[in-house]
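Here is a short report on one protein chain.

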Amino acid sequence: MSSFFIKTKTNPALAKKGKHTSVIKRKNDGDPGGKNKIRAKKPNSKYNEEISSDSETESPIEPKKRQSKEDVEYEETPQEKKLRLAKLYLEQLKAEEENKVEEEAFETDLIAGRLQEEVLEQKGKLQRPIAKDIVPPDASEIRLLRGHKLPITCLVISSDDKFIFSAAKDCSIIKWNIESGKKLHTIPGGRKGTEDRHVGHTAHILCMAISSDGKYLATGDMNKLIMIWEAETCKHLYKFTGHKGPVSGLSFRKGTHDLYSASHDRSVKVWNVDENAYVETLFGHQDAITGLDSLSRECCVTAGGRDRTVRVWKIAEESQLVFHGHEGSIDCIQLINEEHMITGADDGSISVWSVNKKKPLTTVKQAHGCHGDTGLEQPHWVSSVAALQNSDAVASGASVCESPQPIFNKTHTHLLCAGCANETFSHCMNANVFSVIQYTLVYFYTLTSTTVDLFICT
């Protein structure tokens, strides 16, 4: 038989050894330098056998182990997350505190500035130079409001610049919306002899005032009566009697509901509108009082007409200061601030006064020019003055022979820089011409026997 089919006996140990020897030879074939000979001397190492077999089966798993270790390294622990959030919160608090400090410093500066302004205002030393920036209104900016049947005699504007209250010789009162120019409410006038049954005025209304908070409106007429109205609804509230002549001037003390009234009976009366009560009467003028004004101090100023005096009434001290300066009848007066005032007279002069001096600080004679034939010229009668509170701008209106026009020009208005100051252009008039009113808006109206229109310039 062929030796191919004969199974020869071999030593099992040698066969095993030969098996490992062949494996080592395969390994050494790839290591010509013989560096792996030491490993070949330990063919019976179980450790090497496990490494050899395991390396083949576990090699594809190793990248997963490395990946899991990397994930563990970059994963944030709860403690680290708390620490990070705490740091963010602290940074946010720090930023908020810094902003708060800045805002508080800004608010402190604003409050300090406001308090300083109030102190200066009380002392009469607050000044806002604006006269150089005043320009005449353009004709296209003028609006015409119609509503009264007879000439307008007085008007006031609410402190928020939203409403106008006007009164006229027809005894009516109209409340207007400034923005739209529409009539919001009309209080009709009554006929003479209907005083007992008519709620309102039955004689020419001469003066008007509104409280600084816009709550009360006061009006005075030729029948010696003062009417108190709720400004928002135009509802009649009270009727004050006591004057023995036409009521020619009204003014609320700023920040209060104390009302001062002046009359042709030469007296000044003090009223408490909240209590619907009369307080006291002040005497001193020797002729009909033609004008009255007040600010926040417990005092008021009046113009004495033909007695040619200006008086400052100190209510709390029960005293008065008397000023002389005009050569004619002093017909209008307005406070510029707590320490200064402006007056106009029928001799055509305008004067600026300080409460600390008995004579005018400055006087402009023939402020509105003259009229008449050569050699017989007469100055235009200054019938109204107004002042922008705590500023250096004042305005005046005068009577003219020809029909006045609702425009700014040298004939009708004169701006006077007094170096002192006001915040509301507002006054009421009883004569021909127009007055200039209010701080942010400028209003004026004509008062003639034929003109019954209200002109508004915004």
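A residue is called buried when its relative accessible area is under 20%, exposed when it is over 50%, and partly exposed in between (1.4 Å probe, protein chains only). This is a predicted model: local features need pLDDT of at least 70, side-chain atom pairs count only at pLDDT 80 or more, and totals for chains, interfaces and linings use all residues. Residues are numbered from 1 along each chain as its sequence is written, and side-chain values use heavy atoms, with hydrogens and water left out.

**Overview**

The protein has 458 residues, and 42% of them count as buried. It exposes about 26,200 Å². Carbon and sulfur atoms supply 52% of that area. Areas come from the Shrake-Rupley method with a 1.4 Å probe; for residues, only the protein chains shown count as cover. The protein contains 5 helices and 27 strands. These elements are DSSP runs numbered from the N terminus: helices are H or I with at least four residues, strands are E with at least two.

**Aromatic rings**

A pair of aromatic rings is described by the distance of the centres and the angle of the planes. Rings of Phe, Tyr and Trp (its six-membered ring) pair if their centres lie within 6.5 Å. Planes under 30 degrees apart count as stacked, over 60 as edge-to-face, and the rest as tilted. The whole structure holds 4 aromatic pairs. Two of them are listed here.

| Pair | Centre to centre | Angle between planes | Class |
|---|---|---|---|
| Trp-271 and Tyr-278 | 5.6 Å | 70° | edge-to-face |
| Phe-323 and Trp-353 | 6.1 Å | 75° | edge-to-face |

Phe-323 lies in strand E17 (residues 319-324) and Trp-353 in strand E20 (residues 350-354), so their pair ties together parts that are 30 residues apart in sequence. Phe-323 is buried, at a relative accessible area of 0%. Trp-353 is buried too, also at 0%.

How do the partners in the other listed pair compare with the cut-offs for burial? Trp-271 is buried, with a relative accessible area of 3%. Tyr-278 is partly exposed, at 46%. Ring pairs also join Tyr-238, Phe-240, Trp-271 and Tyr-278 into a cluster.

Ala-277 sits in strand E13 (residues 277-283). It is partly exposed, at 25% relative accessibility. Leaving out residues up to four places away in sequence, Ala-277 touches Phe-240, Trp-271 and Asn-272. Contact here means heavy atoms within 4.5 Å. Ala-277 and Asp-258 are 19 residues apart in sequence, and their C-alpha atoms are 9.9 Å apart in space.

Lys-175 lies over the face of Phe-163, at 4.4 Å from the ring centre. The rule asks for NZ of Lys or CZ of Arg within 6 Å of the ring centre and within 35 degrees of the ring normal.

**Nonpolar cores**

In soluble globular proteins, nonpolar side chains tend to be buried together. A nonpolar core is a set of buried Ala, Val, Leu, Ile, Met, Phe, Trp, Tyr and Cys residues joined through side-chain atoms within 4.5 Å. The largest core has 15 residues. Phe-165, Ile-173, Met-208 and Leu-217 have the most contacts inside it. Strands E2 (152-157), E3 (163-168), E6 (205-210) and E8 (226-230) each supply at least two of its residues. E6 gives the most, with 3 residues.

Which residues does Leu-217 touch, not counting residues up to four places away in sequence? Among them are Val-156, Phe-165, Ile-173, Met-208, Met-227 and Trp-229. A second, separate core has 13 residues, including Ala-209, Tyr-216, Phe-240 and Phe-252.

**Cysteines and loops**

A disulfide is a pair of cysteine sulfur atoms within 2.5 Å. By this rule the count is 0. Cys-299 is in no disulfide; the nearest cysteine sulfur, that of Cys-300, is 7.0 Å away. Cys-299 is buried, at 16%.

Most residues other than glycine have a negative phi, and most peptide bonds are trans. Cys-234 has a positive phi, near 60°. It lies in the loop between E8 and strand E9 (235-240), and is buried at 7% relative accessibility. Glu-318 also has a positive phi, near 55°. It is found in the loop between strand E16 (309-314) and E17. Glu-318 is exposed, at 69%.

Ser-180 is in the loop between strand E4 (173-177) and strand E5 (183-187). It is partly exposed, at 41%.
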